[in-house]
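Visitor: I'm new to this one, could you walk me through it?
Guide: Gladly; let us look at it together.

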Amino acid sequence: MTTASPPLTRALGVCYYPEHWPQEIWAEDAARMAEAGITWVRIGEFAWSRIEPAPGRFDWDWLDTAIETLGAAGLKVVLGTPTATPPRWLATKLPDMFAVDAEGRPRGFGSRRHYDFSHRGFRAECARIVTALATRYGANPHVAAWQTDNEYGCHDTILSYSPAALSAFRDWLAQKYQSPEALNRAWGNVFWSMDYSGFDEIGLPNLTVTEANPSHVMDLRRFASDEVVSFNRLQVEIIRRHSAAPILHNYMGRVVDFDHFKVGADLDAASWDSYPLGFLIGRLGASEAHKARFLRQGDPDNQAFHHDLYRAVGRGRWWVMEQQPGPVNWAPWNADPLPGMARLWAWEAFAHGAETVSYFRWRQAPFAQEQMHAGLLRPDSAAAPALAEATQVARELALEPEAGTAAAPVALVFDYESAWAWKIQPQGQDFDYFDLVTSTYRGLRALGLNIDILPPDTGDLSAYRLVLVPGLATLSAPLTAALARFQGRAILGPRTNAKTEDFAIPVPLPPALPGLDCTVARVESLPPGTEIPLSGGGAIQRWHEVLEGSAEARLTTTTGAPVAMTAGPLTYLGGWLDETALKDLLRAACAETGVETTEMPEGLRRRDTSRLRILLNYNPEPVTFDGVTIPAAGVHISPL
Ligand code: GAL
């Protein structure tokens with residue numbers, strides 16, 4: 001259930017921790033923020049121990065003053081619920097509230113996110129603190145948005161192997177299957193004598209001798225994701241009782257351990273935390289050459305992919321809640337961004353329809369875990385380089401305030417359950433769903449296209465000419481129906497529709513697409529350095545399927561075996577294509593469906609809004625394109 005909110009214009013924000021600084025400097029901080037052109041200030045998300053220093057003893061004075069000070073400077077506040085950092089006294093009160101890792105070790109106190117989503121006592125404490133906050137500030141005119149918790153899933157915190165999780169998991173299974181016999185059938189527990197005769201016999205699938213039943217693990221992941229949904233919903237329902245302001249959560253990049261679409265259904269808008277340099281070095285698995293080239297700019301497609309993903313999660317409304325301003329502290333190496341990148345990253349987000357880009361953080365903290373993390377100000381309050389860039393963006397936004405992005409002719413389906421499925425049973429060590437989808441996204445973006453990302457239960461594809469569905473473990477009924485009506489070109493696979501809901505191989509064999517006589521007869525995975533060459537150039541890497549059937553072979557190996565087969569609007573692709581082959585396939589599909597493509601130079605990317613064409617140069621040197629020279633880390637904005 002969502003509350004309608006007024007359409008917003010593009011704006012800048014910043015993350016601020018008044019509790020880290022003496023009260024005497026708050027007014028000056030607020031004045032400097034306003035002067036820089038900042039509109040939103042996110043506060044409060046880690047402040048539980050200062051809001052409630054002892055059980056039931058609240059100290060609101062400082063927070064009242066902070067909100068008042070920011071509001072008086074004309075700033076709008078995003079108020080975070082502080083549930084990601086339960087205070088020490090709460091851990092003493094609820095010693096079993098800690099999540100437990102797969103080795104059975106409870107997490108310790110002394111950082112953050114140490115709670116267990118399934119602990120009912122902890123949930124009650126969350127409901128209490130959120131109620132207290134929402135009651136006090138729900139009608140405050142300066143509190144214009146809310147953030148629930150902080151980064152669900154950060155630090156690998158979705159799965160827990162605690163007694164609380166076990167008991168809630170058993171209830172969840174009993175609800176789902178109703179009888180142990182039904183569960184045994186669904187999971188195939190006849191295999192290795194794994195049959196259960198009661199739900200209370202079922203354990204968590206950790207500490208097994210060899211791999212646990214994949215259906216068991218899949219259900220644990222679904223359960224854990226549902227726990228995040230209900231944990232978040234608890235907070236949302238409380239806030240809505242007291243406030244009409246929009247509610248967001250700040251998701252992360254490349255974290256797929258819970259279904260963001262399901263959490264997003266309860267929120268007014270999505271947001272995510274974008275750290276382009278940290279991601280490139282720490283999370284992307286890119287080649288060393290790519291990392292070296294984009295060390296100070298970040299990967300040219302990673303931010304864009306997440307912007308499109310979170311636009312889908314937010315059903316059109318989304319923010320960047322945290323934007324890297326300078327070196328971060330958490331990647332294996334932490335480079336300084338090229339001058340211009342703090343502006344470019346913001347414009348990439350606005351090009352994709354962001355309402356707000358909020359820099360993390362206002363001032364670098366000289367103490368504790370993140371003392372090496374840059375802010376817009378240095379610890380001595382002097383301006384860090386990103387402040388001038390943010391100020392420039394604010395000036396530019398004043399000229400182009402309207403949020404939005406142009407319609408995309410191409411769509412790519414993204415599904416969290418498929419990420420779990422292929423993690424549980426990769427069958428080839430490097431079969432990573434996120435990599436598969438993002439390699440498709442990169443291929444499309446290198447052709448200069450606007451791309452939409454769609455959830456797996458999409459029931460209407462009529463707005464698109466080309467739809468890509470890589471690695472979708474189980475086709476949903478609405479998507480199957482939409483494909484049957486589709487008039488453009490849909491490319492499905494590899495591994496699409498390869499599992500039933502219960503995590504078994506379907507019979508008839510995959511992909512079982514109505515109207516397409518094509519069957520995956522067998523599959524193989526290929527180690528790095530091995531490949532199967534294709535007749536038109538390029539090769540299959542990582543994953544190869546042997547296809548049978550009478551549908552037309554659209555792509556073949558050099559020995560003539562079909563790799564992609566087509567009938568009507570449907571094409572099934574039976575392999576993980578390298579960059580060359582993928583781009584050829586996408587280019588041909590675009591040509592066939594009348595989608596205009598442009599070969600973008602390396603590191604130069606383009607996104608159209610309804611009125612503007614925005615070119616972003618991620619290269620460390622200038623690029624000339626379409627008669628325009630764009631400097632290193634430069635942005636070129638022109639009317640369409
Ligand atoms: C985010 C987090 C922030 C801060 C930041 C540092 O993951 O939400 O609280 O830790 O990273 O880059």
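Visitor: What kind of model is it?
Guide: This is a predicted model, in which local features need pLDDT of at least 70 and side-chain atom pairs count only at pLDDT 80 or more, while totals for chains, interfaces and linings use all residues. Residues are numbered from 1 along each chain as its sequence is written, and side-chain values use heavy atoms, with hydrogens and water left out.

Visitor: How many cavities of 30 Å³ or more does it have?
Guide: The count comes to 3. A cavity here is a set of points, on a 1 Å grid over the protein atoms alone, where a 1.4 Å probe fits but cannot get out, and lining residues have an atom within 4 Å of a point. Points are joined across faces, edges and corners, and a volume is the space filled by probe spheres set on them.

Visitor: How much space is in the largest, and what's around it?
Guide: The largest cavity holds about 120 Å³. It is lined by 16 residues, of which Thr440, Gly493, Pro494, Leu573 and Leu582 are the closest to its centre. Two or more lining residues come from each of α16 (433-445), β12 (466-469), β20 (575-577) and α18 (579-593), where helices (H or I, at least four residues) and strands (E, at least two) are DSSP runs numbered from the N terminus.

Visitor: Switching topic, how do α3 and α5 pack?
Guide: Helix α3 (residues 61-72) and helix α5 (residues 120-137) pack at about 45°, with axes 12 Å apart; axes are lines fitted to C-alpha atoms over the stretch in contact, and angles run from 0 to 180 degrees between N-to-C directions. The two are therefore oblique to each other, since angles under 35 degrees count as roughly parallel, over 145 as roughly antiparallel, 65 to 115 as roughly perpendicular and the rest as oblique.

Visitor: Which residues make the contact?
Guide: Leu63, Asp64 and Ile67 of α3 meet Leu133, Arg136 and Tyr137 of α5, contact meaning heavy atoms within 4.5 Å.

Visitor: How do the axes of α1 and α3 cross?
Guide: The axes of helix α1 (residues 26-36) and α3 cross at roughly 35° and come within 9 Å. On the α1 side the contact is made by Trp26, Ala27, Ala30 and Met33, and the α3 residues include Trp62 and Leu70.

Definitions and conventions
1 Å grid on protein atoms, 1.4 Å probe; cavity = no way out; pocket = protein on both sides within 12 Å on 5 of 7 lines; lining within 4 Å.
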